Amino acid sequence: MFYEKGKKRIVVKVGTSTLTHQTGKTNIARIAKLASVLSDLKNAGHEIILVSSGAIGVGAGKLRLGGKPSTTKGLQAAAAVGQCELMFLYDKLFSEYGVVVSQLLFTSDELYNEESKKHLVDTFNQLLEYDCLPIVNENDSISVEELLNGDNDCLSARVAEITNSDLLILLTDTDGLYDSNPAENPDAQLIQQVDEINDDIRSIAGGAGKKGTGGFVTKVKAAEIAVSAGIPVVIMNGSKPTDIYKVLDGKAIGTFFKAVEK
């Protein structure tokens, strides 16, 4: 058992590679399953915050660009189109389970401004009190940080920190953190638990996901932010959203990062 059972405030971050097919178009079935699982967790009494990437990938698919734009302004435009499509899908799919969703778009700068951060925290708390499910994304049309650096991983950790969440789950396109690159080394072993994020762990984190901008460098950095705030982290494969149930049952799924004791 990695942590005590019970009702929790959970931040789930989902990446582009989980939300889209190899064609670049939206993986509707997977988003529907994710909505089903998160809605069910809400019914069980948990408070859920979803940090969702994917606006650029979904927007590029809707615009039939054949791939991500190569320019920053193209990425920002695709994000503007894709964000509408993503929220339309989320609203439609979650509403089937009676869950009201809300959209929060902001930049990482707001998290370092005390007044803005206070307003954000108040908004999160009020939305959760209203029994809403907040859906967060970096405001890609005015900020290029996430576009270029895959910083939604770290954004999700900051969100977990400011909302005093109990758990951060990062959904990605691999089973977790390996001791070497599994694409290059067939003998690579999954690291099931990390008790301390040290230089050895940092050194083996790297390589981008299949379609996202953030590789394990940003995921381990996000884990470091969260565990330092006393929040455990699980990095797991997002292809089977139902595995989130196993995580909450304390089973060994993905890579578990132990929180620093306060």
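Biologist: What does the accessible surface of the chain come to?
Modeller: The accessible surface is about 12,200 Å², and carbon and sulfur atoms hold 48% of that area, where areas come from the Shrake-Rupley method with a 1.4 Å probe and, for residues, only the protein chains shown count as cover. This is a predicted model, in which local features need pLDDT of at least 70, side-chain atom pairs count only at pLDDT 80 or more, and totals for chains, interfaces and linings use all residues. Residues are numbered from 1 along each chain as its sequence is written, and side-chain values use heavy atoms, with hydrogens and water left out.
Biologist: And what share of the residues is buried?
Modeller: Of the 262 residues in the chain, 53% are buried, meaning under 20% relative accessible area, whereas exposed means over 50% and partly exposed lies in between (1.4 Å probe, protein chains only).
Biologist: Where does Thr 163 sit?
Modeller: Thr 163 is in the loop between α8 (152-162) and β5 (167-172), with helices (H or I, at least four residues) and strands (E, at least two) taken as DSSP runs numbered from the N terminus. Thr 163 is buried, at a relative accessible area of 2%.
Biologist: Which residues does Thr 163 touch?
Modeller: Leaving out residues up to four places away in sequence, Thr 163 touches Arg 9, Val 11, Ile 49 and Phe 124, a contact being heavy atoms within 4.5 Å.
Biologist: Switching to cysteines, is Cys 84 buried or exposed?
Modeller: Cys 84 is exposed, with a relative accessible area of 56%, while Cys 132 counts as buried at 12%.
Biologist: How many disulfides does the structure hold?
Modeller: The structure holds zero disulfides, a disulfide being a pair of cysteine sulfur atoms within 2.5 Å.
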